[in-house]
There are 2 protein chains.
Amino acid sequence: MNTELLDVVGIGNAIVDVIASADEAFLERHGMPKGSMILIDEAQAEALYEAMGAAVISSGGSAGNTIAGIASLGGKTGYIGKVRDDDLGHAFRHDITAAGAIFRTPPAVDGPGTARCLILVTPDSERTMNTFLGACASLGPDDIDAELIRSARVTYLEGYLYDEPLAQEAFHRAAQIAHEAGRKVALSLSDAFCVVRHRAEFLQLVENHVDVLFANDAEIEALFETPDRNEAVARLREYTDLAAITLGSRGSLVVSSDAVFDVAVEPVERVVDTTGAGDLYAAGFLFGLTRGASLEQCGRLGSIAAAEIITHFGARPQTPLRTLVAN
Amino acid sequence: MNTELLDVVGIGNAIVDVIASADEAFLERHGMPKGSMILIDEAQAEALYEAMGAAVISSGGSAGNTIAGIASLGGKTGYIGKVRDDDLGHAFRHDITAAGAIFRTPPAVDGPGTARCLILVTPDSERTMNTFLGACASLGPDDIDAELIRSARVTYLEGYLYDEPLAQEAFHRAAQIAHEAGRKVALSLSDAFCVVRHRAEFLQLVENHVDVLFANDAEIEALFETPDRNEAVARLREYTDLAAITLGSRGSLVVSSDAVFDVAVEPVERVVDTTGAGDLYAAGFLFGLTRGASLEQCGRLGSIAAAEIITHFGARPQTPLRTLVAN
């Protein structure tokens, strides 16, 4: 298989999203902090599914969403992640392959099923995520396809990988291969609670191993233990040469060693579900970066890709993104 | 279980929709008549799934969508249909139960899997459907829950049931029980090709057994073998006392024995996927009818419910419909 000259290879938890509307009272009753991602076990996943409303099923996973987004923009991509050989795993494989990504990680043939993220979307369009990692727990360093990583300009890693010990090893092996091949490493901090769980390791990673950092304001504030975004940005610039900080409806900041740019959001008629907004911002940004766009253009591509994803349930593009950036 | 005083019981093919964007060339390459529903076998379903783009999975089935819609409006509903005891069947059961419907048809424990409808949505928002009926073939008269039917003001049947011989028997048994209990029977003609397949039986049904008929313009033109809608409507009034004819973006006609009303569409910002528009129109109309609304109000409720469903992928409401008709 020809894997020459890929733009981005993503490595992450291969998850299928199960998405339903819910009201604020539902979140309160189930003790879910709105807007966050919490980890649950299989029994909790089954009980929550019983309790939640009628659902839509769509492939997800943070890095998976980013890779599908880059492919939808016309980029050449690959993905590494672990599903089981069950129906949801089959759906995940279909969707990322149909998007155009190379995906050849073998599925687990025993153990827990393909990971599910039960997502509650409240009337304010905010998403609250409950993840059963399932088969993702068996992603390990042996799954890291060195040929695929060496072939890609950027290897994109999600912070969520740190929630499983074997996946941490896979993460480090991938970063090492990429750098030894003279490639860039990008990291998404994933979630503020995830940053709290792994703060020391993430700081060390950002300082020594990450060329491009993606985070939202809550995540960098958690990383630097300050409630002051400006202070967090100033600290961040001591640690990394390039970062993009998403600020929800307030747009994003592109932070380089010599400048900070404000990037506006792309207006949409109605925000339906914010799931995947950060993942798709990263998709647009990385697509621009690998194609030689200016940092301002990269931010704008991120805004356009994020705008498509928040107009519908599910974190995979439903309109080919290349048609949205053609003009 | 208390099944007193239901508004509507629906009987139909219990199907899970698998929905992807596609371009016109894809339909041409696969020989699909745009806008129609064609029946395919399991091997064809697998080949088409491989060929189609990244997909969203959502419970469907014409009568299932209508029943979920009535429940979302605040109506009391039941559903009869056959899934298998597999993952998709589990999802179908969850979704219709979570919507609030009583669903106690036992699943098939062997034979083909839960039915799938592979839906291609073209850039003009039109849907083209390819259905593998799977476990639906085993819905039979023994599945007709007489207590449930007697308890409902209206028994709603989909014409698609005529595509399987056992389901035809189930259809007739349900209509007989409803009428013997002094209840009303409603029928959706489902699809113009379906009307062509079963025209003589449908004419006889509409004349003798149907109190409320739902169809679109293509379906009544197929039923009366005329390309002239006015002529078809005139013929229709000889056969039934109450019918609602949907006309896509041109609204609908409510046809009673003493009047014909034009009903406008409810405007939407952007039509994304027309799947389920007719099913949800029927939901609004029947909800109004069972709650004593005027025929004009019934048509308007149909337009409001249809407007919600065409703004997103999937034929089940993503916003509680009762919140849209509150004012």
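In the predicted model, 25 residues of chain B are in contact with 25 residues of chain A, two residues being in contact if their C-beta atoms, placed from the backbone, lie within 7 Å. Strand 4 (56–59) and helix 4 (87–99) of chain B are the elements that give two or more residues to this side of chain B; helices (H or I, at least four residues) and strands (E, at least two) are DSSP runs, numbered from the N terminus. Helix 4 of chain B gives the most, with six residues.

Strand 4 (residues 56–59) of chain A and strand 4 of chain B run antiparallel and are joined by three bridges. Val56(A) stands opposite Ser58(B) in this arrangement.

Chain A has 12 helices and 14 strands. Its radius of gyration, 18 Å, is close to the 20 Å that the globule rule gives for 327 residues, so chain A is as compact as a globular protein of that length. The radius is taken over C-alpha atoms, and the rule is 2.2 Å times the number of residues to the power 0.38. Buried residues make up 55% of the 327 residues in chain A, a residue being buried if 20 or more other C-beta atoms lie within 10 Å of its own.

Residues are numbered from 1 along each chain as its sequence is written, and chains are lettered from A and ligands numbered from 1 in the order in which they are written. Local features need pLDDT of at least 70, side-chain atom pairs count only at pLDDT 80 or more, and totals for chains, interfaces and linings use all residues.

Definitions and conventions
A residue is buried if 20 or more other C-beta atoms lie within 10 Å of its own, exposed if 12 or fewer, and partly exposed in between; C-beta atoms are placed from the backbone. Two strands pair if DSSP finds at least two bridges between them.
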